[in-house]
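Here is a walk through the helix packing of one model. Take the sequence and the coordinates side by side.

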Amino acid sequence: MMKFGFVADGVVKMLVAIALCIFLPAVESFLLAPRWLAIAAIVLLFLSGATEISYGVRKAQKSYVKYLVIFDSLWVVATIMAVIFSLVDSPAAGYIWFCFTGLGSLGIAVIFTTGANGPDFADDEPSDEASPTGG
């Protein structure tokens with residue numbers, strides 16, 4: 001069941017990134033965001049979703065759910081703040097939302113691909129018996 005949660009959250013992030021690509025002009029206009037920032041955040045969000053899916057399939061440790069809860073909770077707060085700023089025609093709206101989305105996504109991707117969560121390259125190394133020097 002834990003694996004499904006990580007995979008589902010990753011799929012939702014990827015779908016949001018795809019929807020943002022489709023509706024990019026409208027989102028940029030509403031949030032008064034520069035295109036370069038929007039594109040960077042969308043790419044990072046998509047990659048973060050892919051990283052979550054990969055992590056969910058491989059390990060899905062319950063102790064890492066807290067990172068998703070923190071990200072998603074702060075994403076809601078950033079969204080509310082961005083909408084409020086947008087309604088008063090402040091360009092801060094786009095910077096708040098896309099900066100949090102991009103940096104938060106990057107943080108999630110780093111957490112799920114480094115340290116104990118990263119790939120175990122030790123399994124890929126040849127053993128001493130297989131080495132050309134004969135060990």
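Contact here means heavy atoms within 4.5 Å. Helices are DSSP runs of H or I with at least four residues, numbered from the N terminus. The model is predicted, so local features need pLDDT of at least 70 and side-chain atom pairs pLDDT 80 or more, while totals for chains, interfaces and linings use all residues. Residues count from 1 along each chain as its sequence is written, and side-chain values use heavy atoms, without hydrogens or water.

Start with α1 and α2. Leu 20, Cys 21 and Ile 22 of α1 touch Leu 24, Pro 25 and Val 27 of α2. The contact holds six nonpolar residues, no polar and no charged ones. Nonpolar covers Ala, Val, Leu, Ile, Met, Phe, Trp, Tyr, Cys and Pro; charged covers Asp, Glu, Lys and Arg; the others, Gly among them, are polar.

Now α1 against α3. Their axes, lines fitted to C-alpha atoms over the stretch in contact, are 7 Å apart at an angle of about 160°. That makes the two helices α1 and α3 roughly antiparallel (over 145 degrees, on a scale of 0 to 180 between N-to-C directions). By class, this contact of α1 with α3 has 16 nonpolar, four polar and five charged residues.

Definitions and conventions: Angles under 35 degrees count as roughly parallel, over 145 as roughly antiparallel, 65 to 115 as roughly perpendicular and the rest as oblique.
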